[in-house]
Amino acid sequence: MENYVNFAVEKAVELLGIDSPTGYTGAAEEFVLREFAALGFSAKRTVKGGILIDLGGADENDALLLEAHADTLGGMVAEIKGNGRLRIVNVGGMNANNAEAENCRVVTKFNGVYEGTLQLVNASIHVNGDYSSTERKWNTVEVVLDECVESAEDVKKLGISVGDFVCFEPRTRVTKSGYIKSRFLDDKLSVGILLGFAKFLHDENLTPARRVYAHITVYEEVGHGGAASVPAGVTEAISVDMGCVGDGLQCTERQVSICAKDSGGPYSYEVVRKLIAAAQKENADYAVDIYPHYGSDVEATLSAGHDLRHGLIGAGVYASHGYERSHKDGVLNTLRVLKGYLF
């Protein structure tokens, strides 16, 4: 699987360069559809906007669904202020604390894209005596547009209006030591991993014993990405999302994490056992963890009433929902678990 790590990372980097906060995912959908089709697999867009891919396999009555998501955190214009600044609200779990001072793009509905920066209101520390003590919330930060605007009317003349999406700069870096740093590795890194796994199947001309589908969802960050579009015959669904790294957890960025339980409850005992066995068979460096504040696509799938067993794996990611970091070794170990689970 080592041969597919760089491919997976390269595709993740390409996808990270495409703005796709939940609700504004069309370009990312096109990318995913095109990349899986280029590998020779049947891929189609669902009505909801997700991409459903048939990766082949024999037994259609015991099929496996792999889920990852291409939507990310972001913002939306909530108010055009009288001074020409923008108050925004978050899309998904974007946090004002770690969005402060980030470059962003305001995508208008009909009049193009404008650049700006999210700043604390009255952001000059030499002027604002309460700079350090001000709580960073969405009503204490604002988008400062890189346009000559001084009033709400000036902004409206640009075509900016309430409901326009605000996309944040990912600042993607891949270091010589193999670390991958970017906003939105959750979950574009996993989309790259599934593309890498698809390339492995294609290059090796492999047909799994059971049918395998992949669903790249586009509403995960708001809780209902995996709620629909489960093919007939699917008995198990595994979310390929980020593995959590932090205090109280075992996983590092260089491992694959197997989640036993998160805020939605325990994952299928049978699936967790099989994932661990797959990791051991392929000599993958893994950790088993419990995530205290986490929900996944497969839980949305179950909540929608689908009768299946569920699991969750992912390359370790530090600083989730902030400026995130993972490693190529985490990508490799995730690919190894997928291989061991199916072959």
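My entries cover ring pairs, charges over rings, cysteines and strands.

**Ground rules.** I am working from a predicted model, in which local features need pLDDT of at least 70, side-chain atom pairs count only at pLDDT 80 or more, and totals for chains, interfaces and linings use all residues. Residues are numbered from 1 along each chain as its sequence is written, and side-chain values use heavy atoms, with hydrogens and water left out.

**Rings.** I searched the whole structure for aromatic pairs and got five. My cut-off: rings of Phe, Tyr and Trp (its six-membered ring) pair if their centres lie within 6.5 Å, and planes under 30 degrees apart are stacked, over 60 edge-to-face, the rest tilted. I picked F197 and F200, a tilted pair with 5.8 Å between centres and 40° between planes. Both sit in helix 5 (residues 185-203), three residues apart, or about one turn of the helix. For the record, helices (H or I, at least four residues) and strands (E, at least two) are DSSP runs numbered from the N terminus.

I used under 20% relative accessible area for buried, over 50% for exposed and partly exposed in between (1.4 Å probe, protein chains only). I also noted that ring pairs link Y4, F197, F200 and F343 into a cluster.

**Charges over rings.** Here I wanted NZ of Lys or CZ of Arg within 6 Å of the ring centre and within 35 degrees of the ring normal. K199 has its charged end over the ring of F7, 5.3 Å from the centre. R325 lies over the face of Y179, 3.9 Å from the ring centre.

**Cysteines.** I looked for disulfides (cysteine sulfur atoms within 2.5 Å) and found zero in the whole structure. C104 is buried at 2% relative accessible area, and C167 is buried at 2%.

**Strands.** I counted strands as paired if DSSP finds at least two bridges between them. Strand 4 (residues 74-80) pairs antiparallel with strand 5 (residues 86-91) over six bridges, and E79 stands opposite R87 in strand 5. The two strands make a hairpin with five residues between them, and G84 in the turn has a positive phi of about 90°. Strand 4 also runs antiparallel to strand 9 (residues 165-168), joined by two bridges; there, M76 has F165 as its bridge partner.
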